[in-house]
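The exercises below concern the structure shown next. Each consists of a task and a solution worked in steps.

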Amino acid sequence: MPQQVFKRPRTLSDKPTHFCPGCTHGTAHRLVAEAIDHFGVQEKTIGVACVGCAVFMYDYFNVDVIEAPHGRAPAVATGVKRARPDRIVFTYQGDGDLAAIGTSEIIHTANRGENITVVFVNNTVYGMTGGQMAPTTMLGQQTTTTPYGRDFRTDGYPIRMAEMLATLEGVAYSARVSLHNAKAVLNAKKAIRKAFEMQVNEMGFSLVEVLSACHTNWRVSPLEGQKKVEEEMIPYFPLGVFKERTGKDFL
Amino acid sequence: MSSVTSERKQTEAYIIILEERCKSCRFCVETCPRECIVIDTKINAQGYHPAKFEGMGKCTGCCLCAEVCPDTAIEVFK
C-alpha cells in the first residue's frame, strides 16, 4: 500500500496563496516552513515580514509574525531576538526591501552578528508596486522606471548582496541559491536548512539569497522566466556559499 | 528486442494534484522525468487549466514535481 512521501509542511498553513502563477515565492515559503519543521521549532519561531509580495506571510506560516516598516525587518528582528533570545527569529525580504530601502539596516545587523536568519528573495524588480527598477535589476533590463533598459552610467550596477555581506565579520553564513529547476530547489532546501541550523547553534547572522523570477513584471511566461533566471541571472549572480563559519570563532 | 520502456516494471506510486490550488504554471509538466503530468482542458474556480496526473504505473514517486510546485498543490504517495 503506497504511503504518503511528500506533503505540505506543518508550518505552512493550508491556504491558497495570492502569488502569480509560477511565482517561486511559494516555493521559498515552503522551504522555510520545511526548515522550521526539520528543527522542530515551530512553537518558538517568530517571523518578521516586510513590505513587498511577502507581506502576507502571517497568513501562510503557522508561526507568530511581526510586520516591519519597509526595509526595517532586520532592525525589528534584532529587537525581538534581544528581548527573547530563546526564540528562533527570521526575516523574509525582497530585493526592493533589503537591497534598496533597508540597505543600512541589513548591513549593520549583519555587522553586529545578530543571531537571526534572513531569507532574501531577489527577483530584480519591485514586484508588488508594479515592477520598478531595484538595485539588483540587471543591466539592460526594461522596467517601468527604466523603459530603455538599465544603464550603468545613470543607474549603476546590480548589487551582489550575498557577496557583499559575506565580507562582514559578524556573518556566519551567506549563500546564494536559485529555484529555477528541481535540482536548484533541492540545493536551496539544504542552504535554508543550514541557515536555520546556524541560528539554532547560535553561530551568528545567516543569510540566504534566493534568486527568483517575477514573471508578471518581466512580462514572460513562467517557463520563460525560469529560463531567464538560469541564462541571465545566474551568470551575474553566481550560486554558492560565500561564507560558512565552522566554530564560534568570533568570541 | 523490446524497448526499455516496455520492460519497465509497473510502479505503484502516484500523485494527487489539488486542482483548486493549481495555477497552471507547467513547472511539474516540464520537470516530470517520465512525463506523467499533463494540463487538463477543464478550468478550475481560479480560472486556470489545472495539471492532471496521467501516469498510473509510470510514476516512481521521485517527488520532483512536488518540489518545484510553487503552490504546494502536489501530494506524493509511494
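Predicted model: local features only at pLDDT ≥ 70, side-chain atom pairs only at ≥ 80, totals over all residues.

**Exercise 1. Determine the strand order of the open sheet in chain A and identify the strands at its edges.**

Solution. Step one is to list the strands in spatial order: the open sheet has 7 strands, arranged β3-β2-β4-β5-β9-β8-β10 in chain A, and their pairing is mixed. Step two is to look for strands with a single partner; in chain A these are β3 (64–67) and β10 (240–244), so one side of each has no neighbour in the sheet. Step three concerns the geometry: from one strand to the next the twist averages 15°.

**Exercise 2. Describe how helices α3 and α8 of chain A are placed on the strands.**

Solution. Begin with α3 (residues 73–83) of chain A: this helix packs on the sheet and touches β2, β3 and β4 (88–94) of chain A. Its direction makes about 175° with that of β4(A). Next, α8 (residues 182–200) of chain A lies across β4, β5 (117–122), β8 (171–178), β9 (205–211) and β10 of chain A. Relative to β8(A), helix α8(A) runs at about 165°.

**Exercise 3. Characterise the interface of chain B and chain A by its area, its residues and its polar interactions.**

Solution. First, take the extent: 25 residues of chain B are in contact with 30 residues of chain A, and the two chains bury about 2,300 Å² between them, 59% of it on carbon and sulfur atoms. Arg21(B), Glu67(B) and Thr72(B) supply 28% of the area that chain B buries against chain A, more than any other three residues.

Second, count the interactions. There are 3 salt bridges across the interface; Arg21(B) forms a salt bridge with Asp14(A), with the closest N and O atoms 3.1 Å apart.

Third, classify the side of chain B that touches chain A: its residues comprise 13 nonpolar, 3 polar and 9 charged.

**Exercise 4. Which strand of chain B is joined to β1(A), and in what sense do the two run?**

Solution. Strand β1 (residues 4–6) of chain A is joined by 2 bridges to β4(B), and the two run antiparallel. Within this pairing, Gln4(A) stands opposite Phe77(B) in β4(B).

Key
Residues numbered from 1 in each chain as written. Chains lettered and ligands numbered in written order. Heavy atoms only, no water. Pairing = 2+ DSSP bridges. Helix = DSSP H or I, 4+ residues; strand = E, 2+ residues; numbered from the N terminus. Axes fitted to C-alpha atoms, helices over the stretch in contact; angles between N-to-C directions. Contact = heavy atoms within 4.5 Å. Buried area = accessible area lost by both parts, 1.4 Å probe. Salt bridge = Lys/Arg side-chain N within 4 Å of Asp/Glu carboxyl O. Polar contact = N/O pair within 3.5 Å; in protein donor to acceptor, adjacent residues only side chain to side chain. Nonpolar A, V, L, I, M, F, W, Y, C, P; charged D, E, K, R; others polar.
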